[in-house]
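The entries below follow the order in which I looked things up.

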Amino acid sequence: MQKHILALDLGKGSLGLALSRSGFLVTPLKEARFPAGHYEYAIAAIREILMIEKIELFVIGLPLFPSGDDCEMTPIVRNFVKRLNDAFPSIPVVYQDERNSTVEAAAMLHANGQKAKKQRAQIDSAAAMVILERYLKATGQNEEQFDDFE
């Protein structure tokens, strides 16, 4: 079971980040903003996190159309993964379907009392949380471990 996982939600000029240290709980991190297309800033932001956190796995959201076909961002994300592999060769990268993650994240923030205007600064990291929670659920890592208690 992977425990120290960093989730990434890559945009054209932003990188949403979320972390799981336990394989169960997910924490949003401050998202990185950079000039559109300058993904070296995103790599630098990840490098800073790796100076503090011992990351065992990257989970990156794979953007797709609702049909499952590639969209405009799909090749950008795939190219970014190549950069991740070059920069951090010892940390594996897995893709997680991110369809509707931003919509789900916005609904989660709204349910927590955040108005749409205030969500902009956190929406990408909230989407990274959704991506990581989906990954943990898909791999069975966030299943409740309390079967012994009745």
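**Notebook: burial, fold and cores**

I first looked up burial: of the 150 residues of the protein chain, 43% count as buried, meaning under 20% relative accessible area with a 1.4 Å probe, protein chains only.

I note that this is a predicted model, in which local features need pLDDT of at least 70 and side-chain atom pairs count only at pLDDT 80 or more, while totals for chains, interfaces and linings use all residues. Residues are numbered from 1 along each chain as its sequence is written, and side-chain values use heavy atoms, with hydrogens and water left out.

I next looked up the fold. The protein chain has five helices and five strands, taken as DSSP runs (helices H or I, at least four residues; strands E, at least two) and numbered from the N terminus. Along the sequence their pattern is β-β-β-α-β-α-β-α-α-α.

I then turned to the nonpolar cores, each a set of buried Ala, Val, Leu, Ile, Met, Phe, Trp, Tyr and Cys residues joined through side-chain atoms within 4.5 Å. The largest has 28 residues, and Leu-6, Leu-8, Leu-15, Ile-46, Phe-58, Phe-80 and Leu-84 have the most contacts inside it. Two or more residues each come from strands E1 (5–10), E2 (14–20) and E4 (57–62) and from helices H1 (40–52) and H2 (74–87). H1 gives the most to this core, with five residues. Apart from it I found another core, of 12 residues, among them Ile-5, Ala-7, Val-59 and Ile-131.

Lastly I examined Leu-8. Leaving aside neighbours within four places in sequence, its contacts (heavy atoms within 4.5 Å) include Leu-15, Ile-46, Phe-58, Phe-80, Leu-84 and Ile-131.

Technical notes:
Buried < 20%, exposed > 50% of the residue type's maximum accessible area, 1.4 Å probe, protein only.
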